[in-house]
Amino acid sequence: MIEIKNVTKVFSTAEGQVTALRDVSLSIPDGDVYGIIGMSGAGKSTLVRCINMLERPTSGAVVIDGVDMGALSERELRIKRREITMIFQGFNLLMQRNCLENVCFPLKLSGLAGERKWQRQRAMELLDTVGLADKARAYPAQLSGGQQQRVAIARALATDPKVLLCDEATSALDPTTTASILELIRSINERTGITAVLITHQMRVVESVCRHVAILDGGVVAETGAVSEVFAHPKSEAAKRLVFPDGDAVSATQVPDEHVIRVVFNGSLASSTPLIAHMAVEKGIEANISYASTRTIEGREYGSMLLGIRQGEAVFREAIAYLNSQTDVSAEEVLPNA
Amino acid sequence: MLEQVFAQEVLQEAWDIIRTQFPLAIWETVYVTILSTAFAIVLGLPLGVILVVGEKGGVRPLPAGLMRTLNVIVNLLRSVPFLILMVLVFPLTRLLVGTVVGTVASIVPLVIAAFPFIARLAEGSLREVNPNTIEMAQSLGASPFQIIIRVMLPESVPSLISNATIAITTILGYSAMSGIIGGGGLGKIAMNYGYYRYKYLIMVAAVVLLILLVQLFQTLGTRFAVKSDKRLKNK
């Protein structure tokens with residue numbers, strides 16, 4: 001269990017004081033895959049660095065399994081960090097060391113596993129886990145970005161950590177490689193029960209692997225909850241911006257005398273009736289689909305759609321009532337320039 | 001003039017001197033250079049490490065006063081011309097070697113002149129290490145000492161070798177200058193025959209050999225630096 005309690009971080013810069021985090025409180029359960037999402041500058045990288053005390057919070061506390069990280073001595077903190085390892089956007093491998101030596105690196109640091117042969121064997125197992133056993137002797141410069149991140153993951157797992165912090169770990173990778181790295185993190189989480197904390201600005205990272213999500217906006221937690229819940233009913237402005245990235249573009253293109261409805265799919269079965277077609281056939285309501293973004297997560301639909309109705313106020317009210325009568329679907333009016 | 005320089009007996013005399021004196025002179029130059037560089041690295045490399053890790057925001061910040069003092073010392077030693085420095089360190093040379101003249105004695109001022117230079121070169125190499133790599137090591141629980149030994153130094157090896165090559169060729173040049181205070185080697189021969197006795201051929205031969213030595217060290221150094229760098233793919 002990672003408890004972040006009222007963490008505030010203020011940086012002193014030449015231009016004055018900058019508050020990166022303001023009174024942030026989160027709790028991340030053991031074994032979870034937890035996403036922390038926000039635009040750049042939202043403070044998410046600072047927040048993840050406060051978890052392992054690479055950045056000391058200005059005030060507040062980070063408590064991991066009952067241990068107050070801020071109260072540890074430098075030496076105790078170094079030992080604790082073996083349980084909370086990290087992977088990075090830039091992979092950060094040792095460029096003058098081959099893959100095997102990179103994976104051995106944390107074992108050498110720990111000094112516990114003194115025996116070189118044992119270290120190498122453990123490193124080979126880990127490289128095998130991430131699918132790179134054949135690259136043990138290769139140097140990082142000879143690998144692709146995705147392969148480098150796999151080596152970094154193997155390295156992060158070497159000390160058998162309880163928590164894996166991922167700081168924009170897939171942001172430098174293409175979509176296919178991103179998916180394979182996320183799949184690897186998910187499978188490691190399922191197999192070992194490691195708690196994974198994913199810092200990202202990409203919605204698809206959160207929707208594809210995370211169970212819970214915190215939305216960070218301007219150094220403040222805007223919203224937290226289960227991923228499906230936040231996707232279906234984004235409450236905060238920051239969450240709406242992330243879930244409906246094109247939401248604001250609608251009002252500009254709105255036709256006069258058109259009523260706009262936002263339909264939210266809140267986990268309705270993907271295989272259920274074709275909603276818009278039925279509305280047209282049963283009620284004679286002609287809906288103009290001006291925007292749609294839905295995703296299927298575990299066989300259920302999540303997302304939203306914007307419908308334009310030009311048949312007047314009464315029909316528009318009827319459409320909202322019809323849509324709201326469907327299971328796991330909700331509808332609301334979108335006011336112009338809202 | 002040219003006829004004088006290339007006259008039969010002049011050539012013969014020059015050849016005799018080259019034959020009898022140059023092998024020892026080359027040997028003296030090489031060992032003074034290598035020994036001085038080695039001592040200077042022993043002093044300069046740790047100093048360079050301290051200059052990087054000890055500053056504010058470094059891996060192991062040291063008191064600001066100490067850092068300022070170290071920087072001033074390095075700058076002071078680097079700004080004294082080598083000719084003056086050789087004379088200035090006479091007391092130290094006498095203390096360490098027992099005499100102020102001779103080949104061994106010339107190592108002392110060479111080391112004193114070279115180690116602050118090497119400290120600055122090492123400082124430059126170590127600053128090239130990606131700060132993200134250092135942060136990675138910290139996130140895995142590395143101590144400041146482990147970061148120096150296992151990250152900063154190994155990661156900057158190619159750059160350190162390049163800079164060591166610059167250092168060794170510079171020290172070779174200084175060692176030639178130490179011929180003035182009785183240091184041995186090619187510098188002494190160039191001074192004694194060329195400058196004091198107007199034997200230009202001998203001087204030219206000594207200078208050519210110094211150039212060849214610089215070329216040799218530089219070529220070897222560059223080759224090692226490139227060979228050691230694992231960031232280069234096509235090898």
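Read along the sequence, chain B follows the pattern α-α-α-α-α-α-α-α-α-α-α. Chain B holds 11 helices and zero strands. Helices (H or I, at least four residues) and strands (E, at least two) are DSSP runs, numbered from the N terminus. The model is predicted: local features need pLDDT of at least 70, side-chain atom pairs count only at pLDDT 80 or more, and totals for chains, interfaces and linings use all residues. Residues are numbered from 1 along each chain as its sequence is written, and chains are lettered from A and ligands numbered from 1 in the order in which they are written.

The C-alpha trace of chain B spans about 75 × 50 × 25 Å along its principal axes. Of its 235 residues, 40% are buried. A residue is buried if 20 or more other C-beta atoms lie within 10 Å of its own, exposed if 12 or fewer, and partly exposed in between, with C-beta atoms placed from the backbone. Among contacts in chain B between residues at least 6 apart in sequence, 70% join residues at least 24 apart. Two residues are in contact if their C-beta atoms, placed from the backbone, lie within 7 Å.

Chain A contains 12 helices and 14 strands. Its C-alpha atoms fill a box of roughly 80 × 50 × 35 Å, taken along the principal axes. Buried residues make up 42% of the 338 residues in chain A. For contacts in chain A with a separation of 6 or more, residues 24 or more positions apart account for 67%.

Helix packing was examined in chain B. Two packed helices are described by the angle between their axes and the distance between the axes. The axes of helix H9 (residues 157-177) of chain B and H10(B) come within 6 Å and cross at roughly 40°. Axes are lines fitted to C-alpha atoms, for helices over the stretch in contact, and angles run from 0 to 180 degrees between N-to-C directions. That angle makes H9(B) oblique to H10(B). Angles under 35 degrees count as roughly parallel, over 145 as roughly antiparallel, 65 to 115 as roughly perpendicular and the rest as oblique. H9(B) passes H10(B) in a right-handed crossing. A crossing is left-handed if the near helix is turned anticlockwise from the far one by less than a right angle, and right-handed if clockwise. B:Ser175, B:Ala176 and B:Met177 of H9(B) make the contact with B:Leu186, B:Gly187 and B:Ala190 of H10(B). These residues divide into four nonpolar, two polar and no charged. Ala, Val, Leu, Ile, Met, Phe, Trp, Tyr, Cys and Pro count as nonpolar, Asp, Glu, Lys and Arg as charged, and the others, Gly among them, as polar.

Helix H10 (residues 186-196) of chain B also packs with helix H11 (residues 200-228) of chain B; their axes come within 8 Å and cross at roughly 160°. H10(B) and H11(B) are therefore roughly antiparallel to each other. The crossing of H10(B) past H11(B) is left-handed. From H10(B), B:Leu186, B:Ile189, B:Ala190, B:Tyr193 and B:Gly194 meet residues of H11(B) including B:Tyr200, B:Met203, B:Ala206 and B:Leu210. By class, this contact has 11 nonpolar, one polar and no charged residues.

Between the chains, 19 residues of chain B are in contact with 20 residues of chain A. Helix H7 (131-139) and helix H8 (144-155) of chain B each supply at least two residues of the side of chain B that touches chain A. H7(B) gives the most, with six residues. This side has six nonpolar, seven polar and six charged residues.

A:Met95 sits in the loop between strand E6 (84-88) and helix H3 (99-110) of chain A. A:Met95 is buried, with 20 other C-beta atoms within 10 Å. Leaving aside its neighbours within four places in sequence, A:Met95 is in contact with A:Pro140, A:Ala141, B:Glu155, B:Lys230 and B:Arg231. The C-alpha atoms of A:Met95 and A:Ala141 are separated by 6.9 Å.

The largest nonpolar core has 153 residues. A nonpolar core is a set of buried Ala, Val, Leu, Ile, Met, Phe, Trp, Tyr and Cys residues joined through C-beta atoms within 7 Å. Helix H6 (residues 107-127) of chain B gives the most to this core, with 14 residues.
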